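I opened the notebook to record what I looked up, entry by entry. The sequence and structure come before the notes.

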Amino acid sequence: MANIRDLKKEVRYVCGDLAVECLMARSYIKGVDSARMEAIVGDIAALQQTALSRVTFSFDKIPSDFESGREYRRARRAYFKKAYKSFREKFEGHVTDIVREMNAALPQEVKDANKKQN
């Protein structure tokens, strides 16, 4: 299970790195769609804000709802594990969509050059 502080740091780092990549591509790659890259940076900012607001989860049960403390801890652990997994899957899905948009904004000759390098 992830620490909330570490998870928030990861979100900030990923979003920051994506935004920097967009700005660098806009500045240094000839033929890139600048307006589209700026719009993508806005999407990244919105993703970061939304993700940070949704990263905090709370378990809505109390220990007296369970027969023992052990069952409470087990249920709580399972809840948080499921919540973090769901959060990560949704976040990764949004990041994948943004990367696809970034790639679509690149000119074809850059895409071809990148394919040759791999």
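I call a residue buried under 20% relative accessible area, exposed over 50% and partly exposed in between (1.4 Å probe, protein chains only). The model is predicted, so I kept in mind that local features need pLDDT of at least 70 and side-chain atom pairs pLDDT 80 or more, while totals for chains, interfaces and linings use all residues. Residues are numbered from 1 along each chain as its sequence is written, and side-chain values use heavy atoms, with hydrogens and water left out.

Entry on ring pairs. I paired rings of Phe, Tyr and Trp (its six-membered ring) with centres within 6.5 Å; planes under 30 degrees apart are stacked, over 60 edge-to-face, the rest tilted. I searched the whole structure and found nine aromatic pairs. F59 and F66 are stacked, because their ring centres are 6.5 Å apart and their planes at 20°. F66, at 21% relative accessibility, counts as partly exposed, and F59, at 16%, counts as buried. F87 and F91 are also stacked, with centres 6.2 Å apart and planes at 5°.

Entry on helix 3. I took helices as DSSP runs (H or I, at least four residues), numbered from the N terminus. F87 and F91 are four residues apart in helix 3, about one helical turn. Both F87 and F91 are buried. The buried residues of helix 3 pack against helix 1 and helix 2 (34-54); contact means heavy atoms within 4.5 Å.

Entry on K90. I found K90 in helix 3 (residues 69-104), exposed at a relative accessible area of 55%.

Definitions and conventions. Helix = DSSP H or I, 4+ residues; strand = E, 2+ residues; numbered from the N terminus.
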